[in-house]
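Please read them with the structure open.

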Amino acid sequence: MQEVQAELGLSVTEAARRAQIVGATIATISDLGYHKTSFAKIKERAGLSSTRIISYHFTNKAGLMQAVVTTATGMKDKFLEERIQGTTDRAGLLRGYIEAEIAFLGSYPELVRVMVEMASSGSDAEGWFMSAPIVEEFRTGRLERQLRQGQQEGAFGDFAPDVMALSIAQAIDGVAAKFAADPKLNLERYGRELADLFLKATAA
């Protein structure tokens, strides 16, 4: 984080203010949805004296949404990496990925809602045009490449990687929807059983 701050020429105070604004934006999108998130709402959430403070740091909504997407995907990336660290075999990586994705639903429900909003609405005229493509790439693109690489190595069987990646993503989305309706859902069991299911589906 300090290296990024240095590259952007940000002081510690400026970086802290940007982080405050991004955090307030994430909370506002999570609560109200993307379309109802305005600089005025973000100002209230962050406890700022004026919306001009947001404009000073991010210029416009597109710049702010870029920071939101970058922050959300970065936090999720870190969460996933921590849970598959040290795993090298393809089957283990696939299991770790699925179980970590399900665990993320319970650990960061706010970010889950924000990423859904950004995928569906974040690339509008005022937003950042790369919001939806980046979230979608994060959702299926990398997984598809991992599955294809596993097939080339002989670790996985014969299937269409794009279809399998989408199937896994939609299964995770289904658990996300069920968890939103029932916060007591046993996510650990869902993660384990989904991993078992897709390991069988992808086996060589």
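1. Helices here are DSSP runs of H or I with at least four residues, and strands are runs of E with at least two. On that basis the chain has 10 helices and zero strands. Read along the sequence, the pattern is α-α-α-α-α-α-α-α-α-α. Keep in mind that this is a predicted model.

2. Overall dimensions. Along the principal axes, the C-alpha atoms fill a box of roughly 60 × 40 × 30 Å. The chain has 204 residues, and 41% of them are buried. Consider the contacts between residues at least 6 apart in sequence. Of these, 64% join residues at least 24 apart.

3. Domains. The chain is divided in two: domain 1 covers 1-58 and domain 2 covers 69-202. Their centres, taken over C-alpha atoms, are separated by 27 Å. Eight residues from domain 1 and 12 residues from domain 2 make up the contact.

4. Size of the domain interface. Interface size is often quoted as the accessible area lost when the parts come together. For domain 1 and domain 2 the buried area is about 840 Å². Carbon and sulfur atoms give 65% of that area.

5. How many salt bridges are counted between domain 1 and domain 2? The count is zero. Polar contacts do occur: four residue pairs are found across the interface, with both residues at pLDDT 80 or more. The side of domain 1 that touches domain 2 has five nonpolar residues, three polar and no charged.

6. A residue to look at: threonine 140. Its place is in helix H8, residues 131-152. Is threonine 140 buried or exposed? Its relative accessible area is 12%. The cut-off for buried is under 20%, so threonine 140 counts as buried. Leave aside the neighbours within four places in sequence, and threonine 140 is in contact with Ala165, Leu166 and Ala169.

7. To check on screen. Then go to helix H8 and find threonine 140. Finish with Ala165, Leu166 and Ala169, which threonine 140 contacts.

Technical notes: Residues numbered from 1 in each chain as written. Predicted model: local features only at pLDDT ≥ 70, side-chain atom pairs only at ≥ 80, totals over all residues. Heavy atoms only, no water. Domains from an automatic or database assignment. Contact = heavy atoms within 4.5 Å. Buried area = accessible area lost by both parts, 1.4 Å probe. Salt bridge = Lys/Arg side-chain N within 4 Å of Asp/Glu carboxyl O. Polar contact = N/O pair within 3.5 Å; in protein donor to acceptor, adjacent residues only side chain to side chain. Nonpolar A, V, L, I, M, F, W, Y, C, P; charged D, E, K, R; others polar. Buried < 20%, exposed > 50% of the residue type's maximum accessible area, 1.4 Å probe, protein only.
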